[in-house]
Amino acid sequence: MNWLDTILQGVLLGGLYALFAAGLSLVFGIMRLVNLAHGDLIVLAAFLILVLVTTLGLDPFVAAVIAMPLMFAIGWGLQYFLLNRTLGKDILPPLLVTFGLSIVIQNGLLEGFSADSRRVFAGSLESASVNLGPATAGIMPLMTFFSAVAVIVCLNQLIYRTSVGRAFRATSDDPVTAGLMGIRPHRIFALATGLAMVVVTIAALYLGTRANFDPTSGPSRLIYAFEAVIIGGLGSLWGTLAGGIILGVAQTVGAAINPEWQILAGHLAFLAVLLFKPRGLFPRAVD
Amino acid sequence: MAILELDGVSKKFGALTVAEQISFAVGEGEALGIIGPNGAGKSTLFNLITGNIAADSGSIRFLGSDVTRTPPMARCLSGMGRTFQIPQPFEKLTVFENLLVAGAFGSRRREAEVSDRCAEILVDTGLIDKANVLAGSLSLLQRKRLELARALATEPKLLLLDEIAGGLTEGECRSLVATIRAIHARGVAVIWIEHVLHALNSVVERLLVLHFGTVIGIGKPEDIMASRDVREIYLGIEI
Amino acid sequence: MALLETRGLTASYGDFQALFGVDIAVGAGETIAIIGANGAGKTTLMRSISGVLTNAPASILYRDEPIGALPAPDILARGISMVPEGRKLFPSLSVEENLLIGNYGRKVDGPWTLESVFSLFPILKERRNNAATALSGGQQQMVAIGRGLMSNPAVLLFDEISLGLAPVVVRDIYAAFPRIRETGASIVIVEQDIAQALKVADRVYCMMEGRVTLSGRAADVSRDDIHKAYFGTDHHELA
Amino acid sequence: MTMAIPSFIVETRTRASTLSAAAVIALLLLAFAAPFIVSRGVIQDLFFILTMLVLAQNWNLLAGYAGLISVGQQVFVGFGAYTMFGCVILFGIDPVVAILIAGLLSVALAIPTAFFTFRLYGPYFAIGTWVVAEVVRLLLAQWKALGGGTGTSLPRDATRDMMGVGAMRDLFGMKASEAGDALTYWLALILVVATIGFIYGLLRSKQGLGLAAVRDNEQAAGAVGVDARLMKTLVYLATAFITGIAGALIYVQKARISPDAAFSVTDWTAYVIFIVVIGGIGTIEGPILGVIIFFLLQNLLADYGSWYLLMLGLLGIAIMLFAPRGLWGLFSDRTGIQLFPVRRVLKGGPLSLTHKGGPHG
């Protein structure tokens with residue numbers, strides 16, 4: 001087993017999981033809400049890109065750019081008209097509503113696209129790879145990883161350098177006082193979810209072009225996103241990237257030992273971190 | 001032997017000092033009043049004593065054993081009954097059930113054994129006609145009475161009261177003072193934070209003045225109320 | 001005509017009534033002080049005007065428009081800004097960011113910019129990149145006031161700005177008032193520190209248990225009137 | 001006290017609940033007689049309803065009363081089923097005994113599971129339980145002796161000469177398979193009665209009152225001496241025990257198992273959550289009403305495939321938003337009827353004299 005190659009693939013896979021997790025981490029940081037349909041929304045975006053590619057014959061990247069505003073609108077509307085009504089002291093409503101939403105999306109997609117697994121063809125890019133000395137890395141995995149880094153840099157710039165970012169953090173600290181500053185919390189929450197959906201679209205692009213997906217592959221993506229966020233530590237996007245990388249490497253090493261152990265190894269890494277560092281490796285420290 | 005001893009208890013939230021080297025003791029069955037302007041750290045001191053806030057340094061001894069690190073639930077079981085400044089009733093339970101929980105768990109007995117005592121407390125605190133009403137529908141004043149009633153139901157050895165007399169009419173204030181006096185007469189020690197001075201001074205044997213997180217005076221109510229700096233800091237009036 | 005006035009304003013939490021028909025008025029450029037004991041309803045009045053409470057549609061008028069039912073963002077957009085009780089700075093924002101967010105919902109040209117706030121409170125310029133919670137109580141209050149100014153409001157509400165601050169710090173804060181008044185904004189101060197409030201106010205209202213018990217020009221209101229209105233008991237019984 | 005307070009009595013029974021108790025007993029007698037009255041198909045449907053009701057009551061106890069929203073209860077269904085299969089296939093133990101062993105081992109599994117998942121809060125606890133279920137599913141899929149990933153079946157004779165089947169064959173002249181169905185049906189009926197009895201008993205007890213206080217306001221409950229963490233752990237272990245037994249019983253009747261089926265989120269968690277939410281979370285009557293509605297919907301829309309689940313999801317969302325106390329909640333709020341009253345009502349003493357104020361007033 002070529003250790004270096006396995007670890008490199010794991011790190012690059014970590015980029016994909018960080019993309020899954022970034023939206024989840026952003027939304028939770030602002031309104032303490034975890035959307036159990038997050039994985040299914042990724043799959044929904046992947047199908048959206050698939051439709052754009054197959055019906056309009058677009059290149060996947062162009063299709064993704066078109067899908068972003070659509071997903072933003074879906075995210076904005078979902079939060080403003082549905083999820084905002086569930087926010088409050090009791091954690092039950094948001095969990096059950098998003099659980100219901102997950103079931104609705106999965107079965108809606110099943111009706112629309114049947115249960116066969118699909119893939120977005122990225123032409124020559126898929127097989128292209130570059131030689132990095134001892135290990136070779138595929139173009140797509142590399143692009144996935146750098147997209148993840150770029151997304152996190154952009155999100156951090158937005159949150160810590162812009163006035164909307166200040167509004168996000170202020171609303172997360174104290175929605176009532178934020179209202180006194182002229183901030184409308186319900187709009188801010190909708191904006192945050194919309195933004196999360198844009199990140200979800202980027203994740204869906206790489207998911208769709210690298211792996212097969214079908215209407216029921218949402219939940220497992222949600223679990224990977226969740227594990228990356230917990231391993232990394234709540235509220236820190238760089239932590240989420242680190243969490244994704246640790247999960248990715250655990251999975252590739254597990255798969256290298258025995259192909260059936262890939263997912264299991266990831267879960268065990270998650271449980272190990274939970275055992276020793278209940279608040280994750282980088283709880284809001286690195287930001 | 002002192003029932004409660006605080007020795008050099010301090011607490012900081014970021015750069016804000018909310019408690020600075022607080023040391024005092026409460027004797028067996030003694031009633032101590034705590035006064036100080038808003039934001040002086042009175043409720044924080046309460047939460048340090050009951051364990052809802054962990055002290056940064058210093059020690060707290062209750063009935064001879066060190067409770068500095070024990071959780072609020074354990075301190076309640078060892079004999080501390082407390083009220084919250086902002087009432088926290090069990091809204092989906094009735095008033096009577098609120099007391100049953102406190103009585104059964106606080107004094108570690110079966111429900112049947114405590115139900116009569118809980119009914120008595122409801123009568124004393126004027127809540128008897130609200131016994132079967134959901135606590136969520138009580139007014140602010142009734143919720144404050146429920147806080148007192150629930151604390152009494154745990155049969156505490158030390159009763160901690162946080163601004164329970166605010167907003168009461170003369171008659172209600174008199175009946176509240178009578179209830180607290182009756183409890184105190186049975187040997188229960190009391191620590192009472194209050195702004196309504198005439199109610200406070202008619203029960204407590206000593207007054208402690210807290211300002212800016214530090215104890216600036218402790219002694220007989222008459223001496224404390226007469227002292228110059230207490231009046232100025234507390235009432236902000238340049239005499 | 002008053003710029004801002006309340007007519008028979010009543011407010012309640014659940015069925016506990018906090019305000020009973022309160023009438024106050026603020027003229028353009030005028031400074032009024034509202035004093036009263038703890039629990040008199042002062043903060044409830046502020047929360048009703050600022051839009052944190054929105055259950056009094058017709059009884060609050062601003063430039064003759066009923067604003068009682070509008071939420072806080074709409075009220076700020078109309079030029080009423082509040083410095084809330086307990087300062088309520090945003091912990092995850094730096095000092096400068098806390099100031100900048102002040103005009104998020106109302107960007108209007110006027111005397112108050114980041115630089116003019118720094119000139120009003122020079123210490124804040126040095127500490128601009130610190131986290132807001134790393135400042136002392138007094139400095140945090142200055143940030144809260146600066147934040148309230150940033151939206152260049154026509155009416156500025158101050159809710160208990162001397163809360164938990166040592167008298168010397170309160171003096172520094174009130175020293176900034178003349179420059180705030182110069183800009184022509186109306187100011188409403190809710191305060192427990194009667195001496196400071198009377199020094200800066202044109203007119204004063206005293207509240208007790210949800211009712212206005214005294215109102216008049218600050219100059220011709222005597223200390224005894226205030227005590228009677230403040231405590232509902234005359235001066236000497238207090239001692 | 002200055003004056004002897006006339007003694008009070010505490011009541012919980014209401015007129016509606018006494019009437020309903022009589023009706024329930026009559027219903028139970030009828031239910032026990034069912035295998036002799038109705039067809040085998042109906043018996044299998046009733047078995048499905050009863051087992052789903054057991055799972056729903058347990059999830060309801062966890063989420064509605066202890067505030068623990070788990071999306072991973074399928075771990076105990078699957079683990080219980082696999083334990084039963086292991087006992088029967090590897091050790092030749094009688095399935096009925098194996099069912100009990102499944103419950104005990106599920107509690108053993110629940111201890112480390114609680115240790116991990118209790119470190120997470122709210123939504124993260126929910127997903128944490130899901131991860132644990134996935135881990136156990138993947139581990140069992142490696143167990144070749146029980147068919148690994150593709151699964152296995154119970155040996156034919158195992159269920160044929162289960163405890164009691166022989167006796168029933170002679171006594172009532174039933175065929176072996178018919179007797180097997182009747183036995184599992186009766187076991188399911190006993191399990192439902194035991195589960196509801198346990199939950200109702202718990203809610204009427206001091207621990208039940210403490211649990212309700214923790215669910216309402218954990219900090220205030222701690223301040224009056226209620227150990228919230230211990231309370232939640234006990235409930236978690238109890239529900240693991242019953243859910244493990246239910247899982248084993250379900251798979252005795254199915255006689256065929258695979259990791260994906262035994263640990264299915266849809267069958268053992270999604271359906272269960274909708275039964276509880278649509279029926280009425282936080283009440284015992286809710287899941288009962290919910291499972292009946294669920295069964296009717298399933299028959300009505302069975303041939304619409306995924307439309308059925310889509311509709312169920314939308315119905316669940318609508319109810320959670322507009323009628324959080326579910327259909328039973330709506331009914332009981334309007335009529336005030338409660339079949340399982342828990343409220344401790346104080347009667348007697350000054351209450352009956354209804355004069356104002358206490359002895360000092």
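Does A185(B) count as buried or exposed, and how many C-beta neighbours lie inside 10 Å of A185(B)? A185(B) counts as exposed because it has 9 C-beta neighbours inside 10 Å, and 12 or fewer is the cut-off for that class. The model is a predicted one. Of the four pairs of chains in contact, chains B and D share the most contacts. The points below cover the chain contacts, the helix packing and the strands.

**A185(B)**

- A185(B) is part of helix α6 of chain B.
- A185(B) and L134(B) are 51 residues apart along the chain, and 32 Å separates their C-alpha atoms.

**Chains B and D**

- On chain B, 37 residues are in contact with 34 residues of chain D.
- Four elements of chain B give two or more residues each to the side that touches chain D: α2 (72-77), α3 (95-106), α4 (111-124) and α6 (170-185).
- α3(B) gives the most to this side, with eight residues.
- Sorted by class, the side of chain B that touches chain D has 17 nonpolar, nine polar and 11 charged residues.

**Chains C and A**

- Contacts link 21 residues of chain C with 16 residues of chain A.
- On the side of chain C that touches chain A, α2 (72-77) and α3 (95-100) of chain C each supply at least two residues.
- α2(C) provides the largest share of that side, four residues.
- The side of chain C that touches chain A divides into 14 nonpolar, four polar and three charged residues.

**Chain pairs without contact**

- Chain A and chain B have no contact, and their closest C-alpha atoms lie 13 Å apart.
- Chain C and chain D also have no contact; here the closest C-alpha atoms lie 18 Å apart.

- Helix α11 (residues 262-276) of chain A packs with helix α5 (residues 123-141) of chain D at an angle of about 135°, and the axes are 10 Å apart.
- That angle makes α11(A) oblique to α5(D).
- The crossing of α11(A) and α5(D) is left-handed.
- I263(A), L264(A), H267(A) and F270(A) of α11(A) make the contact with V131(D), E134(D), V135(D) and L138(D) of α5(D).
- In the contact of α11(A) with α5(D), six residues are nonpolar, one is polar and one is charged.
- An α-helix has 3.6 residues a turn, so residues three or four places apart point the same way.

**Helix packing within chain D**

- Helix α2 (residues 40-65) of chain D and helix α13 (residues 265-279) of chain D cross at roughly 75°, and their axes come within 9 Å.
- α2(D) and α13(D) are therefore roughly perpendicular to each other, since angles of 65 to 115 degrees fall in that class.
- From α2(D), the residues in contact are M52(D), L55(D), A56(D), W59(D), N60(D) and G64(D).
- These meet W268(D), Y271(D), V272(D), I273(D), I275(D) and V276(D) in α13(D).
- The contact of α2(D) with α13(D) has 10 nonpolar, two polar and no charged residues.

- Chain B has an open sheet of four strands in the order β2-β1-β4-β5, with antiparallel pairing.
- β2 (16-27) and β5 (65-66) of chain B are the edge strands, each pairing on one side only.
- Strand β1 (residues 2-13) and strand β4 (residues 57-62) of chain B pair in the antiparallel sense over five bridges.
- E5(B) stands opposite R61(B) in β4(B).
- Helix α1 (residues 42-50) of chain B packs on the sheet and touches β1, β2 and β4 of chain B; the direction of α1(B) makes about 60° with that of β2(B).
- α1(B) is mostly covered, with seven of its nine residues buried.
- The buried residues of α1(B) are K42(B), L45(B), F46(B), N47(B), L48(B), I49(B) and T50(B).
- G51(B) follows α1(B) and has a positive phi, near 95°.

**The hairpin of chain C**

- Strand β9 (residues 203-208) and strand β10 (residues 211-217) of chain C run antiparallel and are joined by six bridges.
- V204(C) stands opposite G216(C) in β10(C).
- The hairpin of β9(C) and β10(C) has two residues between the strands, and E209(C) in this hairpin takes a positive phi near 45°.

Technical notes: Residues numbered from 1 in each chain as written. Chains lettered and ligands numbered in written order. Predicted model: local features only at pLDDT ≥ 70, side-chain atom pairs only at ≥ 80, totals over all residues. Contact = placed C-beta atoms within 7 Å. Nonpolar A, V, L, I, M, F, W, Y, C, P; charged D, E, K, R; others polar. Axes fitted to C-alpha atoms, helices over the stretch in contact; angles between N-to-C directions. Parallel < 35°, antiparallel > 145°, perpendicular 65-115°, else oblique. Buried ≥ 20, exposed ≤ 12 C-beta atoms within 10 Å, placed from the backbone. Pairing = 2+ DSSP bridges. Left-handed = near helix turned anticlockwise from the far one by under 90°.
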